Amino acid sequence: MNLESMPRTRLGYWPTPLDEAPRLAEAIGLKRLLIKRDDLTGLALGGNKVRKLEFLMADALSQGADIVLTDGGPQSNHARLTAAAAKKLGLDCTLVLGGPRFERFEGNLLLDVLFDAEIKFMPDVNVKPMEAEMAREAKRLAKAGRKPYVIPIGGSSPVGALGYVEAVRELAEQLGDDDSPLITFAVGSAGTMAGVIAGIRLFLPKAEALGISVGRRKKPLQKIAAQVGAVALGLLGEDGEFDAGAVDINHDYVGGFYGIPSEAGMDAILLSARTEALVLDPVYTGKAMSGLVDLARTGKIDADRTTVFIHTGGAPALFAFDEEFRKYARYSEVPY
């Protein structure tokens with residue numbers, strides 16, 4: 001079996017651009033920096049989860065599902081895009097969200113409302129209680145005659161990981177002879193990491209992947225990525241396992257907590273915007289870019305090697321953090 005034969009529902013625009021970022025590269029001391037623009041995947045303001053959802057929603061439809069369930073934080077891009085994909089395909093959607101309390105429906109939450117998702121909020125909990133509640137809700141729906149399809153947090157399943165196996169194949173074609181890059185990106189639930197390491201093994205064997213965690217310690221993420229990546233290869237008829245300890249995930253740039261902006265992340269957002277007009281967010285890509293900036297400036301990555309930053313999206317979340325950006329405004333009132 002190969003990627004072309006896997007069930008897939010087209011939801012995005014492919015390939016996404018691979019843009020040079022020379023001003024940002026110079027600012028952080030890299031010879032060449034490329035931005036893989038997976039914020040431009042198309043569906044509902046875009047993001048990396050569209051790649052995963054093309055395979056996941058096809059699986060849901062093949063099972064006759066009439067409602068999908070998933071979980072995440074209040075500003076989850078995955079939750080927003082799952083709700084959008086469900087509406088586009090005529091399905092209902094329930095979101096089990098957990099994390100910091102919120103007062104307003106803004107950013108991704110506003111879009112969840114627009115896409116008519118039912119939101120079940122669990123204040124200040126981590127992944128396990130959300131997953132448990134989602135399983136209970138799926139059972140209740142099934143007893144009521146519905147046909148639920150459960151998508152784990154972040155779409156981090158072997159089926160979902162196929163989206164980033166495909167992304168690496170796409171990237172390999174765009175890179176041409178420059179076939180040994182360092183590929184870096186945000187890691188939330190490790191599904192993207194799983195797909196990238198599987199894709200590298202198949203299509204870009206001289207490349208390396210470096211994930212920057214935005215909320216969790218690296219050991220459980222390494223285990224998830226290794227397990228999910230291996231099963232994803234199996235779905236494609238490929239043999240292979242991954243050493244979890246060798247999956248390169250850095251958790252030094254998480255800051256205080258998932259969903260809480262870090263000072264370094266805010267600085268990286270401003271730097272990216274003011275060198276390349278690149279819009280990042282405080283929850284995911286800002287923290288990931290802060291890691292890349294620090295690792296480059298401290299010489300912990302090879303400055304002469306081409307670096308690819310996968311922009312996994314997240315712009316809607318930016319608009320939930322206006323208070324954090326007020327101090328950076330060059331603002332004055334002009335009397336008349």
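A: Terms first: helices (H or I, at least four residues) and strands (E, at least two) are DSSP runs, numbered from the N terminus. This is a predicted model, where local features need pLDDT of at least 70, side-chain atom pairs count only at pLDDT 80 or more, and totals for chains, interfaces and linings use all residues. Residues are numbered from 1 along each chain as its sequence is written, and side-chain values use heavy atoms, with hydrogens and water left out.

Q: OK, where is D92 found?

A: D92 is in strand β4.

Q: Buried, partly exposed or exposed?

A: D92 counts as partly exposed, because its relative accessibility is 33%. The cut-offs: buried is under 20% relative accessible area, exposed is over 50%, and partly exposed lies in between (1.4 Å probe, protein chains only).

Q: What is D92 in contact with?

A: D66, I67, V68, A86, K87 and R146, leaving aside neighbours within four places in sequence. Contact means heavy atoms within 4.5 Å.

Q: And how far apart are D92 and D124 in space?

A: They are 26 Å apart, C-alpha to C-alpha. In sequence, 32 residues separate D92 and D124.

Q: Switching to charges. How many salt bridges does a search of the whole structure find?

A: The search gives 23. A salt bridge here is a side-chain nitrogen of Lys or Arg within 4 Å of a carboxyl oxygen of Asp or Glu.

Q: Why would such side chains pair at all?

A: Side chains of opposite charge can pair when their charged atoms come close.

Q: Which residue forms a salt bridge with D39?

A: R37 does, with the closest N and O atoms 2.8 Å apart.

Q: What about R51, which side chain does it meet in a salt bridge?

A: That of D38, at 2.8 Å from N to O. The pair links distant parts of the chain, 13 residues apart: R51 is in helix α2 (residues 49-62), and D38 is in the loop between β2 (33-37) and α2. R51 and D38 are both buried.

Q: And R101 with D124? How far apart are the closest N and O atoms?

A: In that salt bridge they are 4.0 Å apart. R101 sits in the loop between β4 (92-99) and α4 (108-114), while D124 sits in the loop between β5 (118-123) and α5 (127-143). The two are 23 residues apart. Both are exposed.

Q: Which residues do salt bridges that share partners join into one network?

A: K36, D38, R51 and E170.

Q: Back to α2. Is E54 buried or exposed?

A: E54, in helix α2, is buried, with a relative accessible area of 0%. E54 touches P7, R8, T9, R10, L11, G12 and W14, not counting residues up to four places away in sequence.

Q: And K49, buried or exposed?

A: K49 lies in helix α2 as well. K49 is buried, with a relative accessible area of 11%. Contacts beyond four places in sequence are N77, H78, L81, G154 and S189.

Q: Now helix packing. At what angle do α6 and α7 pack?

A: Helix α6 (residues 158-175) and α7 pack at about 45 degrees, with their axes 7 Å apart. That makes α6 oblique to α7. Axes are lines fitted to C-alpha atoms, for helices over the stretch in contact, and angles run from 0 to 180 degrees between N-to-C directions. Under 35 degrees counts as roughly parallel, over 145 as roughly antiparallel, 65 to 115 as roughly perpendicular and the rest as oblique.

Q: Left-handed or right-handed crossing for α6 and α7?

A: Right-handed. A crossing is right-handed if the near helix is turned clockwise from the far one by less than a right angle, and left-handed if anticlockwise.

Q: What about α7 and α8, how do they cross?

A: The axes of α7 (residues 191-203) and α8 (residues 218-235) come within 8 Å and cross at roughly 50 degrees. That makes α7 oblique to α8.

Q: Which residues meet there?

A: M193, A194, I197, A198, R201 and L202 in α7 meet A225, V228, G229 and L233 in α8.
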